[in-house]
Amino acid sequence: MTARPQEKQTKRKSNQNSWKSNLEESISSTWEDIREIGDQRRSHLSNRTTYVLDDAIHFLSELPPNSIHAVVTDPPYGVIEYEDKHHQKLRSGRGGVWRIPPSFDGVKRSPLPRFTVLSEDELNRLSSFFSALAYGLHRALVPGGHVFMAANPLLSSMVFHAFQTAGFEKRGEVIRLVQTLRGGDRPKGAEKEFSDVSMMARSCWEPWGMFRKPFSGPASTNLRTWGTGGLRRISDTEPFKDVILCSPTRGREREIAPHPSLKPQRFLRQVVRAALPLGIGIIYDPFAGSGSTLAAAEAVGYRAIGTDRDAQYFGIGTKAFSSLSTLDINK
Ligand SMILES: C[S@@+](CC[C@H](N)C(=O)[O-])C[C@H]1O[C@@H](n2cnc3c(N)ncnc32)[C@H](O)[C@@H]1O
């Protein structure tokens, strides 16, 4: 005897309830395990957020395979800008790879790392670092898990190539439209003589690479098994889109979380939300800095774990978490 439409609908609902509750149960159990992995210092910022003071590559070697569902991160793209030598220079206001812009109209502008000065040896180190990161993430992500990674137009091709070589599919880029202070300068020392010349275009966008760990079989099976493979829609009528207009991080956020590379909540919350298609899973930020990705995940109701190897930023992040995650981004 064939089932009547109402019976069919009830059966479909009960199937859906059963795969979803199995998935939720398995994610809860993974979460309880991974937030306690290793003996590094950590802070459980909420029931669904943990920040660990650790090197990302080391932490990845301890994470079990297939244990995280998405990565949203803003890495040290030039690698060297957060190495001790240059970092010390930044902290003492002496520059190094960091360009410390002069005050303008009484406003003190934030330092920017200069990616044009990297030597061949530094570029090779950059490639090896992103390779190690990509292989580590590929192992730790579940099939269909997405990576959203901030980059810079000068270095993105190298960094993205490392992810494709490690086995990720490139799924496009999110373009953050943002007016920056990069580029647009006249030739140094000959500004007046060549007043009509800029050495580079003023950069008005920031690329975020979008990658996915491959999976086999239909997308629907992967969604039921791992909760991943796609992107969460903004609404029934609006898919997630790959251009996001978002101004530089504002003063209020910078006061809460004084990190030289702070990313704005307005942008991060949109990306983090899209990264888990069913709204369930674990987000990882290997380079958590001020904890801005962790705060964005908390704001949209997701579990998240972050690492940073710098004790000062770990301290800033743990302190800033509650104010950043409850920040009203519409004000
Ligand atoms: C570009 S910043 C990220 C800032 C972050 N977007 C925010 O809004 O605060 C990169 C961070 O990576 C950290 N870092 C650099 N190398 C690392 C490594 N190997 N493991 C973990 N953290 C690292 C630095 O200390 C720095 O805080």
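Visitor: Which strands does helix α10 lie across, and at about what angle does α10 run to β2?

Guide: This is a predicted model, and what follows should be read as a description of that model. Helix α10 takes in residues 311–325 and lies across β1, β2 and β11. Its direction relative to β2, which covers residues 49–53, comes to about 165°.

Visitor: What is the order of the strands in the open sheet?

Guide: The protein has 10 helices and 11 strands, and an open sheet of 9 strands is formed with mixed pairing. The edges are held by β1 (42–46) and β9 (243–245), each with a single partner strand, so one side of each is left without a neighbour in the sheet. From one strand to the next the twist averages 20°. Read across, the order is β1-β2-β11-β10-β3-β6-β8-β7-β9.

Visitor: Which residue in β11 stands opposite aspartate 285?

Guide: Strand β10 spans residues 282–285 and is joined to β11 by 4 bridges, the two strands running parallel. In β11, the residue opposite aspartate 285 is glycine 306.

Visitor: Which strands does helix α5 touch, and with which does its direction make about 5°?

Guide: Helix α5, residues 156–165, packs on the sheet, where it touches β6 (141–150), β7 and β8 (205–212). The strand with which the direction of α5 makes about 5° is β8.

Visitor: Why is helix α8 described as largely enclosed by the rest of the structure?

Guide: Across the protein, buried residues make up 38% of the 331 residues. In helix α8, residues 265–275, the buried residues include charged side chains such as Arg269 and Arg273 as well as Phe267, Leu268, Val271 and Val272. The helix is largely enclosed because the number of its 11 residues that are buried is 10.

Visitor: Which residues is isoleucine 283 in contact with, leaving aside its neighbours within four places in sequence?

Guide: Isoleucine 283 belongs to the largest nonpolar core, which has 67 residues, and is listed among those with the most contacts inside it, together with Val71, Val72, Phe148, Val271, Val272 and Ala275. Beyond its sequence neighbours, isoleucine 283 is in contact with Ala70, Val72, Val272, Ala275, Thr293, Ala297, Tyr302, Arg303 and Ala304.

Visitor: Is glycine 172 buried or exposed?

Guide: Glycine 172 is placed in strand β7, residues 169–177, and, apart from residues up to four places away in sequence, touches Met210 and Asp242. Since a residue with 12 or fewer C-beta neighbours is classed as exposed, and glycine 172 has 11 inside 10 Å, glycine 172 counts as exposed.

Visitor: What is the phi of asparagine 66 near?

Guide: Asparagine 66 lies in the loop between α2 and β3 (68–73) and is partly exposed, with 15 other C-beta atoms within 10 Å. Most residues other than glycine have a negative phi. In asparagine 66, a residue other than glycine, phi is positive, near 55°.

Visitor: Which residues come nearest to the ligand?

Guide: The shell around the ligand divides into 8 nonpolar, 6 polar and 6 charged residues, and α2 (56–62) and β11 (303–308) each supply at least two of its residues. Of the 20 residues around the ligand, those that come nearest are Asp74, Phe287, Gly289, Ser290 and Ser292.

Methods. Residues numbered from 1 in each chain as written. Predicted model: local features only at pLDDT ≥ 70, side-chain atom pairs only at ≥ 80, totals over all residues. Near = placed C-beta within 6 Å. Buried ≥ 20, exposed ≤ 12 C-beta atoms within 10 Å, placed from the backbone. Core = buried A, V, L, I, M, F, W, Y, C linked by C-beta atoms within 7 Å. Contact = placed C-beta atoms within 7 Å. Pairing = 2+ DSSP bridges. Axes fitted to C-alpha atoms, helices over the stretch in contact; angles between N-to-C directions.
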